[in-house]
Amino acid sequence: MNDLDQLREFRAEIPYPERPRLSPGRSRLLSAARRPQRRRFTATRRNTLLLTATAAAAAVAVAAGLAGYGLSTGNAPAPRPSAAPEHPAAPSQGVLAARVLRDASAAASRIPPKTTPSPGQWIYSKLVQYQYPQGTSSGENWITFDGTESAYYESSGSPITVHTSPTTPPADIKSNPLAAFNTDATPQTAYYALASLPTAPSQLLAALNKVVEAAGGANLVAGDPVAGQAPKNKSQLEFDYLSLLLWNAAGGVGAPPNAEAAAFRAMAAIPGVTVQQGITDAAGNPAIGVSDDGGYDQLLLDPVSYQVTGLRQLSNGIGPKMAAPSPQQLAGYPKAMQRQILRKLKNPAGPPKGTVIESLAYAQVSEVSGPGLK
Amino acid sequence: MPPPDPEDDAALIERSWHDPEAFAGLYDRHAAPLHRYAARRLGAGAADDIVADTFLDAFRKRRRYDLTVTDARPWLYGIAANLIGKHSRAEVRMLRAYARTGADPVLAETQTDEADGRLASAAVRQDLAAALAALTNGDRDVLLMIAWADLSYTEVATALGIPVGTVRSRLHRARARIRAALGGDDPTSVREESLP
């Protein structure tokens, strides 16, 4: 018997747990899953942007592979280098967008700077979420500034559950704040990531471009027809990344005012930015939607204070439809791609173009002295 | 068309992106072995919390899961390793107590039958406990993931976020210490395990 065998018998009499022993953990998991909101927004858009290089490459391979096998993409619109809107923005749109964002920048720079919160500062937030076709739900959440601890009620009347994350904050929070944000979107990583960006718009956008490149630039530009993700140009990807930084900061303590002002200034300098006025966020408040893809992915601002209040995604109508591959063709793909293909075949069309498919808004965010307090 | 493949972990996690409760399926698959692994290191009470926290953390991070990895165990054991690492002083303390007294605090927590005949003698077990206590946390993680969780070198590398070469060197170092503690210089015992 070698050393590993002896080691395998060490404490081998410890049994597998009985089911009752595991059920409290399962209940905690399920109640987390049933809470109406995600703790942090890491939904489709971020997912789109931060696809791992392999996944993005795989997505491209599927597209290329289907063509190679002579499969038609049916009625799906041909990928365009820029996801042009169905209702192209009027020329004055760019001017209007620039004005709104300049006002937002000015509003941010008028906010007196505060000291950076301590890592353990608790933040309460109430998030309202609309999802197509389920509807609207809302949830309350507490999280520390550094994201190490979070808390929520499993159900009304139950004691508050506090969860400690073993993997936050990321180790490179100070040395590489953008990478830290990509690893874990917390109030602190969003705060430091925004604070770390240059203040000059051109330099700020160049820094974002590097992040987009690192996340798989060319593949992201190509989009993912199988997943129904529209192609995006570099500017649009930079816009998406910047709006996610601002959104995640908004769910915490924001960013240092000068950093937020710089972010809005840079946003105004992104080609193709448009605004949609007179819309309503998920919490029912008036909002301005800022977008760089003709209004499909929007960052929502309060029309008076210009604070970031929400995110909204409209269907771009790109529901890929493809001819069914033969069993042999299908078997030629890796399992993960087979699943994507089968799912798309089963469910070819997305909601009609222009349908709001997801809308998120913070109804309230405040610094509090502990979990459960508002 | 071939039948859809039985849903692997990656598919289940991907489904949970849109159907969060599906994530409970991952718990049903992996919670029991993970619990036993944690219980062997820290006792059943600590394992309860480690398992619950591991899955809650995994759930929070499910959208960043690399869907090309069909087996979620490396991911889950990696999260658990972080949590277990927070208890490393307690782990070492219990191992040392076992080595010193012959009474294992971890076993004392669990209702078990009498040790069966296959088990090494008490003295050997005390030596093992002392050797495990003397390992660095990183070396112990690698050794026990391989011996107790049956992960491959590559899976351990994924779990701990370290290169496979580092897994090999850590394992080599840890096994050398274990062998030294067991007093065995039998060359047949140093063969490489064939691992998946």
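In this predicted model, helix α2(B) passes helix α4(B) in a right-handed crossing, where right-handed means that the near helix is turned clockwise from the far one by less than a right angle, and left-handed means anticlockwise. The axes of α2 (residues 24–42) and α4 of chain B come within 11 Å and cross at roughly 30 degrees. Here axes are lines fitted to C-alpha atoms, for helices over the stretch in contact, and angles run from 0 to 180 degrees between N-to-C directions. The two helices α2(B) and α4(B) are therefore roughly parallel to each other (angles under 35 degrees count as roughly parallel, over 145 as roughly antiparallel, 65 to 115 as roughly perpendicular and the rest as oblique). From α2(B), the contact draws on His30(B), Leu34(B), Ala38(B), Arg41(B) and Leu42(B), and from α4(B) on Arg73(B), Leu76(B), Ala80(B) and Ile84(B); residues are in contact if their C-beta atoms, placed from the backbone, lie within 7 Å. Sorted by class, the contact of α2(B) with α4(B) has six nonpolar, one polar and two charged residues. In this sorting Ala, Val, Leu, Ile, Met, Phe, Trp, Tyr, Cys and Pro are nonpolar, Asp, Glu, Lys and Arg are charged, and the others, Gly among them, are polar.

Residues are numbered from 1 along each chain as its sequence is written, while chains are lettered from A and ligands numbered from 1 in the order in which they are written. As this is a predicted model, local features need pLDDT of at least 70 and side-chain atom pairs count only at pLDDT 80 or more, whereas totals for chains, interfaces and linings use all residues. Helices (H or I, at least four residues) and strands (E, at least two) are DSSP runs, numbered from the N terminus.

Helix α4(B), residues 73–85, also meets helix α3(B), residues 44–60: their axes come within 9 Å and cross at roughly 125 degrees. Helices α3(B) and α4(B) are therefore oblique to each other, and α3(B) passes α4(B) in a right-handed crossing. On the α3(B) side the contact is made by Ile50(B), Asp53(B), Thr54(B), Asp57(B) and Ala58(B), and on the α4(B) side by Trp75(B), Leu76(B), Ile79(B), Ala80(B), Leu83(B) and Ile84(B). Eight of the residues in this contact of α3(B) with α4(B) are nonpolar, one is polar and two are charged.

Helix α3(B) has a partner in chain A as well. The axes of α2(A), residues 19–34, and α3(B) come within 9 Å and cross at roughly 20 degrees. Helices α2(A) and α3(B) are therefore roughly parallel to each other, and the crossing of α2(A) past α3(B) is right-handed. Arg21(A), Pro24(A), Gly25(A), Arg28(A), Leu29(A), Ala32(A) and Ala33(A) of α2(A) make this contact with Asp48(B), Val51(B), Ala52(B), Phe55(B), Leu56(B) and Phe59(B) of α3(B). The contact of α2(A) with α3(B) has nine nonpolar, one polar and three charged residues.

Turning to the strands, chain A holds an open sheet of nine strands in the order β4-β3-β2-β1-β9-β8-β7-β6-β5, with antiparallel pairing (two strands pair if DSSP finds at least two bridges between them). Its edge strands are β4 (160–164) and β5 (274–280) of chain A, each of which pairs on one side only. On average, neighbouring strands of this sheet are turned by 25 degrees against each other, direction ignored. Strand β1 (residues 122–131) and strand β9 (residues 356–368) of chain A pair in the antiparallel sense over ten bridges. Leu127(A) has Tyr362(A) as its bridge partner in β9(A), and Trp122(A) stands opposite Val368(A). Strand β8 (residues 308–314) of chain A runs antiparallel to β9(A) and is joined to β9(A) by five bridges, with Arg312(A) opposite Ser359(A).

Finally, the confidence scores. The model scores ipTM 0.86 and pTM 0.59. Chain A has a mean pLDDT (the predictor's confidence in each residue, from 0 to 100) of 77, and 73% of its residues reach 70 or more. Within chain A, confidence is lowest in helix α4(A) (residues 53–68), at a mean of 30, and highest in helix α11(A) (residues 257–268), at 96. Chain B averages a pLDDT of 84, with 85% of the residues scoring at least 70.

Technical notes: Two residues are in contact if their C-beta atoms, placed from the backbone, lie within 7 Å.
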